[in-house]
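Hi everyone, thanks for coming. I'd like to walk you through one model today, so please have the picture open while I talk.

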Amino acid sequence: MVGSQIQIFGTDDASLNKAAKLLKSGELVAFPTETVYGLGALATDERAVLKVFEAKGRPSDNPLIVTVSSVEMVEKFVGPINSSGKALMDAFWPGSLTLILPIATSCLPNVVSAGLKTVAVRMPDNAVTRKLIELVGQPIVGPSANISGRPSPTKAEHVESDFRYRIAGVIDDGTTPVGIESTIVDVSDEDNITVLRPGDIREEQIAQVVGPLSHGPVDTEKPKAPGMKYRHYAPLVPVVAKNGGVEDFLPYLEVDYPLAIAVPSTIYRALEDDIADHMNMDRELVLYDLGEDVKDFQHRLYGILRDVDETPAKELILYVPLESDETAGYLNRALKASSSFEDGL
Ligand code: TXA
Ligand code: MG
């Protein structure tokens, strides 16, 4: 069904009031967070929640995150919070940490958590969105505001291009600072706390609050964050993940088809210097600067994954660092976007 064109809201009070009104009447409005933009709907309204699944093309067995503006709101909707959950909220909220908690007495429709006995909750580090939720007076569901399988949106323009006629509005608060989705920690069993999805908040930081985490055998039949089993974050252009230094990327300047290369600043500068020597080639090369460190890589990744589809490139060579606690979030997203991985020499 084709609806009317998406409304772009500012972050002023009048705009937030309009957006809150739309949400209260069961419409979908995308909102900014520090990680990526979320697709908002009134969490207490089953019909509104079902519209989110439909608009995203999201399988109904993939539960949504409930986005709140206060800890009291969590208790009101899903019951008492266990002590590990409380400690993590104290340490990291508002912030890019989603907690999976057991549902005690939920007044949310079952579709929100896809029938599970647990629920994902998050309080974003974005004052505009917390204010929006206060105006609504109820929690809102907030999956990433992308069509399922596409890279998550880090700008209002990304939301617009995925949902132009399918949702009522988006609140434009510029580019999201973190750039990849929140770290998800399952605290539903306090003796068995696990990271379900790595993000900007690192495992070591979490362990400092709740002690060492479990790394139980991975049950591939039933992933604990149902969303992690689906292909994600991928542009249409095939992505090759590659680790290495300048010398490992230089050979790509020689290939004879349109290519995109995304590399850290140091490698970027070296390749740029070298490009002058390869100007005799009559094909297009798109070079992306991933930035200086892994925070920059996270911040820029999804923008690059979307931009590359607008270029003539037939392939994206994407730099990946070696695995560590610090690189886990970026690496997870980069490898999910990739069709193959080439190790450095
Ligand atoms: O940073 C973020 O978390 C963004 C912003 C918008 O808040 N949201 C986000 O939502 O990434 P989404 O729906 O794209 O990813 C949520 C993930 C999915 O993989 C889902 O399967 C998992 O959380 N999840 C939700 N409820 C769960 C539950 N009860 N148990 C296990 N995993 C759950
Ligand atoms: Mg998502």
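**A lysine, its partner and the domain interface**

Let's start at lysine 295, which is partly exposed, with a relative accessible area of 47%. On that scale, buried means under 20% relative accessible area, exposed means over 50%, and partly exposed is what lies in between, using a 1.4 Å probe and protein chains only.

Before I go on, a word on the ground rules. This is a predicted model, so local features need pLDDT of at least 70 and side-chain atom pairs count only at pLDDT 80 or more, while totals for chains, interfaces and linings use all residues. Residues are numbered from 1 along each chain as its sequence is written, chains are lettered from A and ligands numbered from 1 in the order in which they are written, and side-chain values use heavy atoms, with hydrogens and water left out.

Back to our lysine. Which residue does lysine 295 form a salt bridge with? The partner is aspartate 200, and the closest N and O atoms are 2.9 Å apart. By salt bridge I mean a side-chain nitrogen of Lys or Arg within 4 Å of a carboxyl oxygen of Asp or Glu. This pair links distant parts of the chain: lysine 295 is in helix H10 (residues 294-307), aspartate 200 is in the loop between strand E10 (194-197) and H7, and the two are 95 residues apart. Those element names are DSSP runs numbered from the N terminus, with helices (H or I) of at least four residues and strands (E) of at least two. Aspartate 200 counts as buried because its relative accessibility is 17%.

Now let's step back to the domains. The chain is divided into domain 1 (7-210) and domain 2 (239-342), with bounds that come from an automatic or database domain assignment. Taken over C-alpha atoms, the centres of the two domains are 31 Å apart. How many residues of each domain are in contact with the other? For domain 1 the number is 25, and for domain 2 it is 15, where contact means heavy atoms within 4.5 Å.

The size of an interface is often given as the accessible area lost when the parts come together. Here, domain 1 and domain 2 bury about 1600 Å² between them, with 48% of it on carbon and sulfur atoms; buried area is the accessible area (1.4 Å probe) that two parts lose on being put together, summed over both. Pro151, Ile180 and Pro198 supply 33% of the area that domain 1 buries against domain 2, more than any other three residues.

There is charge at this interface as well: the rule finds 5 salt bridges across it, and the structure as a whole holds 13. Which elements give two or more residues to the side of domain 1 that touches domain 2? They are helix H6 (156-163) and helix H7 (203-210), and H6 gives the most, with 3 residues.

Glutamate 204 pairs with arginine 202, with their closest N and O atoms 3.9 Å apart. Glutamate 204 is partly exposed at 45% relative accessibility, and arginine 202 is partly exposed at 26%.

Glutamate 292 pairs with arginine 269, and here the closest N and O atoms are 3.8 Å apart. Glutamate 292 sits in the loop between strand E13 (285-291) and H10, arginine 269 is in helix H9 (residues 265-275), and they are 23 residues apart. Glutamate 292 is exposed at 55%, whereas arginine 269 counts as partly exposed at 43%. Salt bridges that share partners also join Arg150, Asp162, Arg306 and Asp309 into one network.

Last stop, helix H3 (residues 71-78), where Met73, Val74, Phe77 and Val78 are buried. Seen down the axis of H3, these buried residues fall within an arc of 100 degrees, so they line one face of the helix; the arc is that of the directions from the helix axis to the C-beta atoms. On the other side of H3, Glu72 and Lys76 are exposed. The cover over the buried residues of H3 includes helix H4 (83-92), E5, strand E6 (118-122) and helix H5 (127-136).

Leucine 101 lies in strand E5 (residues 97-102) and is buried, with a relative accessible area of 2%. Leaving aside neighbours within four places in sequence, its contacts include Val74, Met89 and Thr118. Leucine 101 and threonine 118 are 17 residues apart in sequence, yet 5.4 Å apart in space, C-alpha to C-alpha.
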